[in-house]
Amino acid sequence: MNSTLVCIDVYTVSAGDTLYTIADKYDLPVSLLMKVNRITNPYNLQIGTRLCIPGDESQLPNPEQQPSPEMATHTVEAGDTLYLIAKKHGVKLDDIMRANPSIDPYNLMIGTELYIPRQ
């Protein structure tokens, strides 16, 4: 298999959630969920934590499609997450990540200018 894992969804941890129940919901191994989200202690899951739900890039529609040359921009502000930015602009999280391959989705820096593909 020569595919790449990407964030296909973002899950916000709620009361009563465990890594097992979240992984089961998305049909993922707990170990993969831990690795992707850099979780070292599975028993210390905090309510409100946003978890990247990994998926296979080859299962996304048109994985070879390049972002449109016309892009909007978004300057990262305090409290921004890629999920919230994608929702605000009405685009898929994965599209933002493809348009900005050098960003660290877990460490967005305030003031960073992101390219947002126009739909």
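Student: In what order do the elements of the protein chain run from the N terminus on?

Tutor: The order is β-α-α-β-β-α-α-β. Keep in mind that this is a predicted model.

Student: And how many helices and strands is that?

Tutor: Four helices and four strands.

Student: OK, contacts. Of those with a separation of 6 or more, what share comes from residues 24 or more positions apart?

Tutor: That share is 65% in the protein chain.

Student: How much of the chain counts as buried?

Tutor: 30% of the 119 residues. The accessible surface comes to about 7,900 Å², and carbon and sulfur atoms hold 50% of that area.

Student: Switching to side chains: how many aromatic pairs does the structure hold?

Tutor: One. Tyr11 and Tyr26 form it, edge-to-face.

Student: What are the numbers behind edge-to-face here?

Tutor: The centres are 6.2 Å apart, with 80 degrees between the planes. Edge-to-face applies because an angle over 60 degrees is what the term requires.

Student: Where do the two tyrosines sit in the chain?

Tutor: Tyr11 is in strand β1, residues 5-12. Tyr26 lies in the loop between α1 (19-25) and α2 (30-36). They are 15 residues apart, so the pair links distant parts of the chain.

Student: Is Tyr11 buried or exposed?

Tutor: Buried: its relative accessible area is 13%, and the cut-off is under 20%.

Student: And what about Tyr26?

Tutor: Tyr26 counts as partly exposed because its relative accessible area is 24%, which falls between the 20% and 50% limits.

Terms used
Residues are numbered from 1 along each chain as its sequence is written. This is a predicted model: local features need pLDDT of at least 70, side-chain atom pairs count only at pLDDT 80 or more; totals for chains, interfaces and linings use all residues. Side-chain values use heavy atoms; hydrogens and water are left out. Buried means under 20% relative accessible area, exposed over 50%, partly exposed in between (1.4 Å probe, protein chains only). Contact means heavy atoms within 4.5 Å. Accessible areas come from the Shrake-Rupley method with a 1.4 Å probe; for residues, only the protein chains shown count as cover. Rings of Phe, Tyr and Trp (its six-membered ring) pair if their centres lie within 6.5 Å; planes under 30 degrees apart count as stacked, over 60 as edge-to-face and the rest as tilted.
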